[in-house]
Amino acid sequence: MAFAARYVVQWKLRFPSRHWRTRIFALLFACGLVAGIGIWEGYHSFVIGDYLDISAVRMARSVEVSFQNIEAYEKLSKQMESTARITENRSDIPQVVFILGEATARQRMHLYGYELENTPLLEELADRGELAVFRDVIAPQGATVAVLQELFTFADVESDKEWYEYNNLIDVLNLAGYRTYWLSNQESSGIWGNVAQLYARRSSQRRFTEIRESHEEHGTLDEELFPLLEQAMADSGEKKFYVLHLMGGHSLYYMRFPYLFSKFGAEDVPMEESQLSEEKRLEVAQYANALYYNDYVVRQIVERFREQDAIVIYLPDHGEALYDHGSSVSGHVQENPNRYMLEVPMIFWASEEFNARRPEKWQAICGAVDRPYMTDDMIHTVLDLMDIRTEEFDASKSLLSPSFKASRQRIVQGRNYDMDMK
């Protein structure tokens, strides 16, 4: 011990001179520079791709993404068209509800013929004649951002301008005297949610189940929207339009439902999928459970309007591929989507009071369930339903109109769905 103490004292007494300190610092700097270059050469792809999970990289990427999000959001907000002019307004429906689903493939719903019984509550309504179940509806794109650019605007596949140069449904309904609500269980900020956030910002009220950005995922269940909806219903206002943006069947599927809804396991998947690996069959089962829970969520929303003069529309943004017919593809993509990413359910429900007051509306809805439709024209159907007209409204693009053009080609990224994909 005494020897160590004497050594330290001697070392302190022999602390390097300024000249040697300069040399040592230069040597350490050179070594650090060489090491840094070596790390960058070996791991730069991980840094750029966000695979290197260290604090410095996370902080740098977060700052970069934040600035990108702010710039994109502000640019779109300024450029988005807001010159809507109503030419006719005979709207008298006090409660219109648009349930915007997420990543829901109709071929994976028992209501549409899937083997697993994952839609019992909607089927009960259908058996009672309360639902209009549309059989031939597709999304115009395979991912949320691209779909929302057309779903709620007058932009469609035939458009010759940018989508944000067209008027949108929220602005039109605000002008028509509706109090508009955007109630969302998706991200409240982030590059993937920019388009939805634009609509939310233009609504009378916007409320989110939690504050999160696009790269975060905490698995908040869609039932967290129920209290937000009840608060909105309690607000003053004679006419209201609600958009409820669900997480629905978005991957990761096991995060979309509570344990109580774990109805299906890998052993339950249909025979035609029995050749899939155990892992893939479990993924299929988890998706079936997600839609089983989604069935509950949609039914719960419907029941909240049973005693109202109300109509409810359920329409997911796009579908979902899930190893269909031996394919290795799972999920959805914006570029080159397949048919399973496009084919979606669309369901209308109307209360007894709505039907009693407007029997011709429900008749028109039920009479259109077999018409082929692509949802880039959905704004025309909604306005037709609500008896609101603008200069851009086109009756031939409304499913409910006698002049609906069923021969319209459904083109998705240059491909004819009915000829090349169906």
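**A threonine and its surroundings**

Begin by selecting Thr-381 and Tyr-373: their side chains make a polar contact with each other at 2.8 Å. Please bear in mind that this is a predicted model.

Keep Thr-381 selected and display the helix around it. This residue lies in helix 12, which comprises residues 378-385. Is Thr-381 buried or exposed? Its relative accessibility is 1%, and because buried means under 20%, Thr-381 counts as buried.

Next, show the residues in contact with Thr-381. Setting aside neighbours within four places in sequence, they are Phe-348, Tyr-373, Lys-397, Ser-398, Leu-399 and Leu-400. Select Ser-396 as well: Ser-396 is 15 residues from Thr-381 in sequence, and their C-alpha atoms are 9.6 Å apart in space.

**From the contact to a strand**

Now move to Phe-348, one of the residues in contact with Thr-381, and select strand 10, residues 343-350. Eight of the eight residues of strand 10 are buried, so this strand is largely enclosed by the rest of the structure. In a regular strand, side chains alternate between the two faces of the sheet. Colour Glu-343, Pro-345, Ile-347 and Trp-349 for one side of strand 10, and Val-344, Met-346, Phe-348 and Ala-350 for the other; all are buried, and both faces are covered.

**The partners of strand 10**

Finally, select strand 7, residues 310-316, which pairs with strand 10 in the antiparallel sense over four bridges. Here Ile-313 stands opposite Phe-348.

How values were computed:
Residues numbered from 1 in each chain as written. Predicted model: local features only at pLDDT ≥ 70, side-chain atom pairs only at ≥ 80, totals over all residues. Heavy atoms only, no water. Helix = DSSP H or I, 4+ residues; strand = E, 2+ residues; numbered from the N terminus. Buried < 20%, exposed > 50% of the residue type's maximum accessible area, 1.4 Å probe, protein only. Contact = heavy atoms within 4.5 Å. Polar contact = N/O pair within 3.5 Å; in protein donor to acceptor, adjacent residues only side chain to side chain. Pairing = 2+ DSSP bridges.
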